[in-house]
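Open the structure in your viewer and keep the selection tool at hand.

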Amino acid sequence: MADELYLENIDEFVTDQNRVVTYKWLSYTLGVHVNQAKQMLYDYVERKRKENSGAQLHVTYLVAGNLLQNGHVCHKVAVVREDKLEAMKSKLSTIASVHVYSIQKALLKDSSPLYNTDYDIVKTNLHNCSKFSAIHCDAAVPRMPPDIPRAQTSLQGSSQRENDTGAPSAPAVNGHGPLAAKHPSQQHKGIMGMFAAKAASKPQDTNKETKAEASGVSTASSKPPTKNNIINNFFGKAAMNKLKVNPVPEQPKEEKEVVKPSVAVAEPESPPNPVVEKPGKRTESARIQQKDRKSKTKHVDRSDNEEERDPENTKRKRKRIKQLQSDSSDEEDVPPPPTPEEEKAPSPPPVPALKTELEPTTMEVSAGGRKRKRKRVLKSKMFIDEEEGCMVTEKVYESESCTDSEEEFPKPKPPAAHKQPVLPMKKEPKEERKTLKTGAAPANRANKQVSIMGFFHKK
Amino acid sequence: MFSEQVAPTAQGLLGPPSAEPPTFPRVPVLGYSDCSGPFRPGERSFGRQYAHVYAVRLAGMRPTLEHRARGRWGSDAVLRKLSELQAGEKCCVVGTLFKAMQLQPSILQEISEEHNLVPQPPLPKYIQPSDELILEDELQRIKLEGAIDVQRLVTGTIVAVYGSEQDDGRFLVEDHCFADLPPPLPWNGPTSDRFVLLASGLGLGSGSGEALLSTQLLVDVVTGQLGAEGEQSCAAHISRVILAGNLLSQNTQSRDTINKAKYLTKKTQAASVEAVKMLDEILLQLCTSVPVDVMPGEFDPTNYTLPQQPLHRCMLPLASPYATLHLVTNPYQANLDGVRFLGTSGQNVSDIFKYSSMDDYLEILEWTLLAGHISPTAPDTLGCYPFYKSDPFILTECPHVYFCGNAPCFQSKLLQGAEGQRVLLVTVPDFSTTQTACLVNLRDLTCQPITFSGFGAEDEDGDMEVGH
């Protein structure tokens, strides 16, 4: 019976998971109206106490009412423990409402766990925070980006539309709920434009992979924050490789619209480094995007790296990447990698198409069998930026192997790549990189300085 | 009163879940127009001297004062300028007050090397018995003495004095008057209960969590999550929320970057960043349910001088897409549902408090209304934009609700004027210390405080006696 289900749920939350179950938390978790959640909590308490009077349940109540204070009637809203409930009720001259606020196993010393529970659940449901509330507001509709400047004047028109009955308004506004979820995320403009998180683009993933990455790559040519290096630090080179790929297919359109607003923003920064920008931008947008997607891309990275790397080094790599990423997790949360499998499918096609700038680390991996330590070294790279028509020198952190196989960014093709060449060129870069790698490996070894002792072993 | 008639259903939620629980629609906005235009100076140039502010203030208020003077001392009272004064003649003079205070902090004195003064620590009040009042008009100034309360008045007030000049060059005052209440506005208020919630001093980012639960409770009551059905249906009649300043706490103002060594502060971010994020989340919750007007205050990230400009919407990325969020100036004037609101975040009142013997915020608020000027001490002791065309702080119409934020406690009073004005004066208390907000009923211009509380380890029965 559906009725009994919630009782079991609450029981599980309170007893097994030892949570503080507030009405708000229950409302969001079970997806019910707040009033129903309050009633459910009360019902649970009553039944539990009836069947087992020694049950260890502590309940807090919300009491609201009028109170005479300092000569005027004050409306008081208070959260009280069960033992103080009657005392509070007696202090109020008229009681406006009493209901259960929360249930927990342990006796609470103060109300901060209640606040924390509510805060957490609201934070995870920010975009539909009024969904289960008892009041719905018609006027609370998020605007589309172009409407924002025209803002306030249209508000009166929309708010005049009255809604007399409660029921019809509920589905209407609930409809707004998911809409609202999308719109705010799409409306980051200007400064936030570069970091725009795209909520709606995920479904378009599979269809638009190849095209997407091409367009993404081509359009992404301009905007790079100088945080590239920092971002590169957070993710391993190999990780960045895959990271770049996956966000790209996931945001085909947004790249384009992001391009425009972010052009203005990134203009001052574009001359210096348009190349590593691409990895940077994508890693950045990957970074800024929603957690689940981010974590997925990271899973891909890790999974790809794992499968491609030398099995002996697998464990070492894994550890290192995880460590790197957990280091950076003060900015983003990295959930433990659960399912790399599903990401494997999208990843191979995009990987080769990565052509330019990127990650030579794939090469080093495929070479395999070598003992290597990866180090990050700040190197100066020079290349010709066709777009701007200039030569660009930039310092980039690259991870290098200290024993052999040098990875240097292969001579990058001009960032203004086109869609068509990408597809045919898919295979080329891979071969190119391979050859480059093998060819360059012995030659470049001399230039690397891995440790101070490397000085002396130059020959 | 809020929720008085809902008592019968108060305990309705103490029972097994019922079928579809009702949802109440928020009362729609009947009419809203923002009248804060004068508080947004289009061009901002600080190249002018502040003397122009006083000149336009005097020019703007002179007609009103002359009218009042004639009404009070007879239409045949002689109106003179200071340059036309004759010794011994009873006449009436209109001018600006200047109070010479010894303790008034003066930047020139502080940096003057010959005085070798240590900067004066901030005092709660700067008044002293030796203060003197001087009346200035466009050309001259004269010292005042007599039937005028030196301690009570502050610099910048436009006043009409009646008396005569003495032989020693001082003006002996027999009577004085102010601009009094401005002309009344027609009343178009709603006929059914509608509430506006006034809150100020949320104080986010203070590092202490006591007020956080209360803030959350406030948001929950307004958005209809908290309370039984009766209370929720009453909360649906809250048509607007006005946050009157100090959304951020004073603790976010610390400028470590100035005092500390760079290597210590390089990676730390300003405390206001986190606080603004919290503010954004709270505003998002409110905006999805009710129109909100956000006024900046003393500690908020906007300009310092009055009139403070609205917070920029780029700081509130989550909440700014909503049309229900209005970022407005301080002071703020608007017509809400036919009722004219005018209010500030409290800087004007607290500044007068420092330089006057008046102790009660409500008294000071009333006095500014009677003096016809929102903030007479600007620009003398309170930062202000150097206006030169007109002074927007002059009260030209009498609002229906006049409030100031960040007061130490809640007070309200309904003032009746001689010309039929009805003004509700409200001092909105600082929420972070009192956990109290105000509910103004637009139908009958009454105000009720609403207090929120959680429970703490030390709370026994002390909860109620604390007197919110």
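An axis here is a line fitted to C-alpha atoms, for a helix over the stretch in contact, and an angle between axes runs from 0 to 180 degrees between N-to-C directions. Keep in mind that this is a predicted model.

**Stop 1: two helices of chain B**

Select residues 210-223 of chain B, which are helix H3, and residues 271-287, which are helix H7. Their axes cross at roughly 20 degrees and come within 9 Å. Angles under 35 degrees count as roughly parallel, and H3(B) and H7(B) are therefore roughly parallel to each other.

Now show side chains. On H3(B), the contact is made by B:Leu212, B:Thr215, B:Gln216, B:Val219, B:Val222 and B:Thr223. H7(B) contributes B:Met278, B:Ile282, B:Gln285 and B:Leu286. Six of these contact residues are nonpolar, four are polar and none is charged.

**Stop 2: two helices of chain A**

Move to chain A and select helix H2 (residues 23-30) and helix H3 (residues 34-51). The axes lie 8 Å apart, and the helices pack at an angle of about 110 degrees. That makes H2(A) roughly perpendicular to H3(A). Their crossing is right-handed.

Which residues make the contact? From H2(A) they are A:Tyr23, A:Leu26, A:Ser27 and A:Leu30, and from H3(A) they are A:Val34, A:Ala37, A:Lys38, A:Met40 and A:Leu41. Seven residues of this contact are nonpolar, one is polar and one is charged.

**Stop 3: a sheet in chain B**

Return to chain B and look for an open sheet of six strands, in the order E2-E13-E14-E15-E17-E16, with mixed pairing. Select residues 32-34 (strand E2) and 411-416 (strand E16) of chain B: these strands stand at the edges with a single partner strand each, so one side of each has no neighbour in the sheet. From one strand to the next, the twist averages 20 degrees.

**Stop 4: aromatic rings**

Over all chains, a search of the whole structure finds 14 aromatic pairs. For one of them, select A:Phe13 and A:Trp25: the ring centres are 4.8 Å apart and the planes stand at 90 degrees, so the pair is edge-to-face. A:Phe13 is in helix H1 (residues 2-16) of chain A and A:Trp25 is in helix H2 of chain A, 12 residues apart.

Note on methods:
Residues are numbered from 1 along each chain as its sequence is written. Chains are lettered from A and ligands numbered from 1 in the order in which they are written. This is a predicted model: local features need pLDDT of at least 70, side-chain atom pairs count only at pLDDT 80 or more; totals for chains, interfaces and linings use all residues. Side-chain values use heavy atoms; hydrogens and water are left out. Two strands pair if DSSP finds at least two bridges between them. Helices (H or I, at least four residues) and strands (E, at least two) are DSSP runs, numbered from the N terminus. Angles under 35 degrees count as roughly parallel, over 145 as roughly antiparallel, 65 to 115 as roughly perpendicular and the rest as oblique. A crossing is left-handed if the near helix is turned anticlockwise from the far one by less than a right angle, and right-handed if clockwise. Contact means heavy atoms within 4.5 Å. Ala, Val, Leu, Ile, Met, Phe, Trp, Tyr, Cys and Pro count as nonpolar, Asp, Glu, Lys and Arg as charged, and the others, Gly among them, as polar. Rings of Phe, Tyr and Trp (its six-membered ring) pair if their centres lie within 6.5 Å; planes under 30 degrees apart count as stacked, over 60 as edge-to-face and the rest as tilted.
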